[in-house]
Amino acid sequence: MAFEKICTLADIREGGMRSFLSSQGTELLLVGLPERAVLALHGRCPHQNFSLLHAKQEGRMIVCRAHGWRFDVRTGRGIHPPGCALTRFPTKVDGDTVYVDVESGTR
Ligand code: FES
């Protein structure tokens with residue numbers, strides 16, 4: 001695992017998402033979860049690889065601007081269509097710093 005610093009907790013509000021680039025240019029969506037937890041998702045849509053860095057957040061959904069696929073902002077799992085999912089990356093929070101391992105993504 002190769003965790004790298006991406007941001008601080010102050011950069012992400014609970015229930016909200018924000019886009020970042022890793023040092024190697026991997027597009028990330030970071031979502032603030034309860035109790036200082038952070039979810040890191042790949043910022044590329046699994047449909048046609050469209051960037052999600054400017055995706056809309058509608059309540060608990062991330063909506064791809066290309067063709068409207070929708071994902072649960074708390075998990076990255078597909079809502080429409082079901083069965084798809086955004087890649088998730090391991091995260092850790094040390095103090096107020098958020099680290100993401102962009103080499104170990106899973107769906
Ligand atoms: S590329 Fe995202 S819905 Fe088609």
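I looked up Glu4 and found that it stands opposite Val100 in strand S12. Strands here are DSSP runs of E, at least two residues long, numbered from the N terminus. I worked on a predicted model, in which local features need pLDDT of at least 70, side-chain atom pairs count only at pLDDT 80 or more, and totals for chains, interfaces and linings use all residues. Residues are numbered from 1 along each chain as its sequence is written, and side-chain values use heavy atoms, with hydrogens and water left out.

I followed S1 to S12 (residues 97–101) and noted five bridges, the two strands running antiparallel. Two strands pair if DSSP finds at least two bridges between them. I recorded an open sheet of three strands in the order S1-S12-S11, with antiparallel pairing. Its edge strands are S1 (3–8) and S11 (91–94), each pairing on one side only.

I then turned to the largest nonpolar core, which has 15 residues; Met17, Leu41, Leu52, Ile62 and Phe71 touch the most other members. Such a core is a set of buried Ala, Val, Leu, Ile, Met, Phe, Trp, Tyr and Cys residues joined through side-chain atoms within 4.5 Å, buried being under 20% relative accessible area (1.4 Å probe, protein chains only). Strands S3 (27–33) and S4 (37–42) are the elements that give two or more residues to this core. I listed a second, separate core of 13 residues, including Cys7, Phe20, Leu30 and Val38.

I checked Phe71 for contacts (heavy atoms within 4.5 Å). Not counting residues up to four places away in sequence, Phe71 touches, among others, Cys45, Pro46, Ile62, Ile79 and Leu86.

How values were computed
Buried means under 20% relative accessible area, exposed over 50%, partly exposed in between (1.4 Å probe, protein chains only). Helices (H or I, at least four residues) and strands (E, at least two) are DSSP runs, numbered from the N terminus.
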